Structure formats: C-alpha cells, structure tokens
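My entries follow the display.

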Amino acid sequence: MSDIYLGLVDSLTDCQLISVVSSVQNYTHEQTYKLAHEQVHVEGDPWDLWSRNFSLMPTNKLKLPSPVRIELEEAIGKFIVEGRLRTDHFASVLTANMVWEERQGLARPPRRSFTDKLLNYAMWFMVFYTIFSLFL
C-alpha cells in the first residue's frame, strides 16, 4: 500500500489534492484549504488570493506551504486506511488530466524530417563558423 500511496500522492498537484480531500469530506475547496491551514497553525494567503488561478490541470503552479501539503497527504493516507477513498473522488482530477493530455496532442507541432534537421544544423554551423571566423 505504501508504494501505491506514494505514487498517488506524488502525482497530484496541490489543487488536485485539495479537490480530492474536499470530495471525500464533502467540503468546499475553500473549507478544506482553511481547515488544513488551521490544523497545522500556518497562516497562508487568503483563499480569495490563493485560489485566483485554481485549476485541476496538471500544469498548475499554485503551491501550498509544505506543512499544509503534508497535512493533506496524511488525510489521504487516513482515508485509504479507513476505506473512505473511492475512485469517484478522483473523477474531476482524472477529467482534467484527460483534457490536458488531449490538448497536448493537438498542440504538438508536426515532426520534422531528417533532411530538415540536417539543413537546420548545417545553417547554425555556418552562422557560428562565420561569427567565430570574423573574430579570430
């Protein structure tokens, strides 16, 4: 269980962690955020400021203070031990991850051929060769 637990928790962003804990406890994201800060006696940013860019996408850069994240990770560990954590608690997180993966496929530039790469490297070689030959 420990390997599965570590893999599960490490793969979640802070916003996803709040979402999962909120869905298990039937709290709003704001209530979970405030409760986690109260539990570890840490003053964080106000919810209105911190949640301005709240997103379940895996690229979200919002960061919780370390003690708060550890508290939420411990909560998920307790939910696993108690048997309260079910797959439907991850529905919104999985949906966001699938949407992100679909966007990655659409945004990927077309692959370049070998000759394109070769010509590109040759061009850069000529540019650097010209610059260095002027100064030497």
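I took buried to mean under 20% relative accessible area, exposed over 50%, and partly exposed in between, with a 1.4 Å probe and protein chains only. I worked from a predicted model, in which local features need pLDDT of at least 70, side-chain atom pairs count only at pLDDT 80 or more, and totals for chains, interfaces and linings use all residues. Residues are numbered from 1 along each chain as its sequence is written, and side-chain values use heavy atoms, with hydrogens and water left out.

Entry 1, salt bridges. I counted a salt bridge where a side-chain nitrogen of Lys or Arg lies within 4 Å of a carboxyl oxygen of Asp or Glu. The structure holds four of them. I looked up Arg69 and Asp14, whose side chains meet in a salt bridge at 2.4 Å, N to O. Arg69 lies in helix H5 and Asp14 in helix H2 (residues 14–25), so this pair ties together parts that are 55 residues apart in sequence. For helices I used DSSP runs (H or I, at least four residues), numbered from the N terminus.

I then found Glu73 in a salt bridge with Arg69, with 2.9 Å between the closest N and O atoms. Glu73 and Arg69 are four residues apart in helix H5, which means a separation of about one helical turn. Glu73 has a relative accessible area of 19% and is therefore buried; Arg69, at 16%, also counts as buried. Asp14 is buried as well. I noted Asp14, Arg69 and Glu73 as a linked network of salt bridges.

Lys34 counts as partly exposed at 40% relative accessibility, and Glu30 counts as partly exposed at 31%.

The axes of helix H3 (residues 29–40) and helix H5 (residues 66–82) come within 9 Å and cross at roughly 105 degrees. H3 is therefore roughly perpendicular to H5, a term I used for angles of 65 to 115 degrees. In contact (heavy atoms within 4.5 Å), I listed Thr32, Ala36, His37, Gln39 and Val40 of H3 against Pro67, Val68, Glu71 and Leu72 of H5.

I recorded a nonpolar surface patch of about 1100 Å², whose residues include Trp124, Phe128, Phe132 and Leu136. Patch residues have over 30% relative accessible area and no salt bridge, and nonpolar side chains (Val, Leu, Ile, Met, Phe, Trp, Tyr) are joined within 5 Å. Leu136 is found in the segment after helix H7 (114–135) and is exposed, at 87% relative accessible area.

Key: Patch = residues over 30% accessible without salt bridge, like charges linked within 9 Å, V, L, I, M, F, W, Y side chains within 5 Å. Areas by Shrake-Rupley, 256 points an atom, 1.4 Å probe, with all protein chains shown as cover. Helix = DSSP H or I, 4+ residues; strand = E, 2+ residues; numbered from the N terminus. Axes fitted to C-alpha atoms, helices over the stretch in contact; angles between N-to-C directions. Parallel < 35°, antiparallel > 145°, perpendicular 65-115°, else oblique.
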